[in-house]
Amino acid sequence: MTTITGIAALRARLDTERAAGRTVGFVPTMGYLHAGHASLMTRARAETDVVIVSIFVNPLQFAAGEDLAAYPHDLAADTAMAQAEGVDVLFVPTEAEMYPDGVVHTSVRVMQVSAGLEASTRPTHFDGVATVVAKLFAIVGTCRAYFGEKDFQQIAVVRRMVRDLSVPVEVVACPTQRDPDGLALSSRNSYLLDAERAVAPVLHAALLAGRMAIDAGEVNPAKVRALMADLISAEPLAHLDYAEVVDAATLQTVDPLAGELRLLAAARFGRARLIDNIGAEV
Ligand code: AMP
């Protein structure tokens, strides 16, 4: 595995690989890698010839007061995990390499799917995500890019951006990896105190309860929302941001519930703001 920090060096390497007829698999991350990230690398390794993982904590997607400065990092452990997963190139640009002027005058905004849900508490988040992913795709070039369903709205934003801008990237969505008690793996789980970690699976449990209600015939979205919200709010250490059920493709409210649905929730546990989602069908 080669670690590359420069944009020009990465382009040169990947252009050479593609010229030789090899396909590129790309896994963008913010580091502090866990088994969720590893599952994306495994999939990329199985489906493409040259696997590249990027580690970049993108300041554009953090608002003032969020956890940018505190975001966990461990490059030695990340390097070991990427190596063990058979990754070919680890791309670790500095902030100066990515944003040499210190400011960015270009912003990519994806309408509609960027609204609501995460944007209700993080209104500028997806502009930052779409901008850095567009930049990373411009750097990496033609590839298959692997994203986790844990960040379901993010995948919708990236897919729409790729489609609208004719970016030569195929977006591949991979299932959420969880601890045995249901908690979705997340770099931010490291913020949880023991008591918070013990109750954090309530997020997944509430989503499962919402799906059970739908499976039992509930088609009123307000009832499903309230059921999930009540379960999360009943936990004193959990502070609910939202519990929603939406159309899985458009992320818009559907009433009565019909077709492919997605149940999504976000809550704060101490310093950690955690998100999760699962699918359902009527
Ligand atoms: P992050 O480092 O949090 O920006 O995540 C990088 C990529 O890993 C994103 O595509 C995430 O959706 C994905 N990811 C994060 N957590 C998980 C998980 N528990 N299971 C599967 N993919 C994940």
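Let us begin with V87, which lies in the loop between helix 3 (75-84) and strand 4 (89-91). Helices here are DSSP runs of H or I with at least four residues, strands are runs of E with at least two, and both are numbered from the N terminus. This is a predicted model, in which local features need pLDDT of at least 70 and side-chain atom pairs count only at pLDDT 80 or more, while totals for chains, interfaces and linings use all residues. Residues are numbered from 1 along each chain as its sequence is written, and side-chain values use heavy atoms, with hydrogens and water left out.

Is V87 buried or exposed? V87 has a relative accessible area of 4% and is therefore buried; buried means under 20%, exposed over 50%, and partly exposed in between, with a 1.4 Å probe and protein chains only. Leaving aside neighbours within four places in sequence, V87 contacts M1, M41, V51, V53 and A82, where contact means heavy atoms within 4.5 Å.

I turn now to the helix pairs. Helix 1 (residues 7-19) packs with helix 6 (residues 125-140) at an angle of about 55°, the axes being 8 Å apart. Axes are lines fitted to C-alpha atoms, for helices over the stretch in contact, and angles run from 0 to 180 degrees between N-to-C directions. Helix 1 is thus oblique to helix 6; under 35 degrees counts as roughly parallel, over 145 as roughly antiparallel, 65 to 115 as roughly perpendicular, and the rest as oblique. On helix 1 the contact involves I7, L10, R11, L14 and R18, and on helix 6 it involves A138, I139 and V140.

For helix 9 (residues 202-215) and helix 10 (residues 221-233), the angle is about 155° and the axes are 9 Å apart. These two helices are therefore roughly antiparallel to each other.

Three strands form an open sheet in the order 7-8-9, with antiparallel pairing; two strands pair if DSSP finds at least two bridges between them. Strand 7 (239-247) and strand 9 (272-281) stand at the edges, each with a single partner strand, so one side of each has no neighbour in the sheet. Strand 7 pairs with strand 8 (residues 260-269) over eight bridges, in the antiparallel sense. Within that setting, E244 has L264 in strand 8 as its bridge partner. Helix 9 packs on this sheet, touching strand 7, strand 8 and strand 9, and its direction makes about 20° with that of strand 9.
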